[in-house]
Amino acid sequence: METKKLLTTKDMTLVALFTALIVVCAWISVPFTVPFTLQTFAVLTAAGLLGAKKGTFSVLLYVLLGAVGLPVFAGFKGGIAALLGPTGGYIIGFLFTAFITGLIIDRFGKSLKVVIPAMILGMIICYIFGTAWFMYVYTQAKEAVSLMTVLGWCIFPFLIPDGIKLALSAIVVNRLKEKI
């Protein structure tokens, strides 16, 4: 009787490579009105090319590496404090972004008419997790803040850069879909 492996050697290699891509993209800070990193590009690309299971594994590995203290997060940060800090919800949100985006793409294919809405939904989920956590942490540390204020700090300045990263990720997934 043949047993089925959970992940093949090729799968494990791809998961590790995309984890490394997320790390490198977290370290790249692009100056803009508000500086931003390329993490979301890497998370969406991992989900789009690897699917729900392997894409989420690559993000989970990234989160775990950061949780144990390796400086893999933006600004070369790491540790539980980074995850529990104001922007930690966005990092945790990456897990759900990868899973939902990958799940939709696994189910409906890698055409642009599927990939783009799947990535948009994934980003919305990340925004929800991150914004809710930011509001909770900020309120605990300082004072209550309105949702519109937090959206002005955490979402609105990033919509254009995130839209560009999403479009680039969708193009990469569409171009490489047969290669991986």
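Predicted model: local features only at pLDDT ≥ 70, side-chain atom pairs only at ≥ 80, totals over all residues.
I checked where leucine 112 sits: it is in helix α5, which covers residues 112–141. Its relative accessibility is 35%, so I put leucine 112 down as partly exposed.

**Largest pocket.** Next I went for the open space. The largest pocket comes out at about 660 Å³ in volume. I count 28 lining residues for this pocket, and those nearest its centre are Thr37, Gln39, Ala74, Thr87 and Tyr90. Which elements supply at least two residues each to the lining? My list reads β2 (36–37), α2 (39–67), α3 (80–84), α4 (88–108), α5, α6 (147–154) and α7 (159–176). Sorted by class, the lining has 17 nonpolar residues, eight polar and three charged.

**Salt bridges.** I found two in the structure. In one of them, lysine 54 pairs with aspartate 11, and the closest N and O atoms are 3.2 Å apart. Lysine 54 belongs to helix α2 and aspartate 11 to helix α1, so this pair ties together parts that lie 43 residues apart in sequence. Are the two partners buried or partly exposed? Lysine 54 is partly exposed at 22% relative accessibility, whereas aspartate 11 is buried at 14%. The cut-off for buried is under 20%.

Then I turned to lysine 165, which forms a salt bridge with aspartate 162, the closest N and O atoms being 2.8 Å apart. Both residues lie in helix α7, three residues apart, or about one turn of the helix. I noted lysine 165 as buried, at 6% relative accessible area. Aspartate 162 is buried too, at 8%.

**Proline 161.** While in helix α7 I also looked up proline 161, which is found there. This proline is buried, with a relative accessible area of 3%. I took a C-alpha distance from proline 161 to alanine 82: 23 Å, for two residues that are 79 apart along the chain.

**Leucine 21.** My last stop was helix α1 (residues 9–27), where leucine 21 lies. At 28% relative accessibility, leucine 21 goes down as partly exposed.

Note on methods:
Residues numbered from 1 in each chain as written. Heavy atoms only, no water. Helix = DSSP H or I, 4+ residues; strand = E, 2+ residues; numbered from the N terminus. Buried < 20%, exposed > 50% of the residue type's maximum accessible area, 1.4 Å probe, protein only. 1 Å grid on protein atoms, 1.4 Å probe; cavity = no way out; pocket = protein on both sides within 12 Å on 5 of 7 lines; lining within 4 Å. Points joined across faces, edges and corners; volume = space filled by probe spheres on them. Nonpolar A, V, L, I, M, F, W, Y, C, P; charged D, E, K, R; others polar. Salt bridge = Lys/Arg side-chain N within 4 Å of Asp/Glu carboxyl O.
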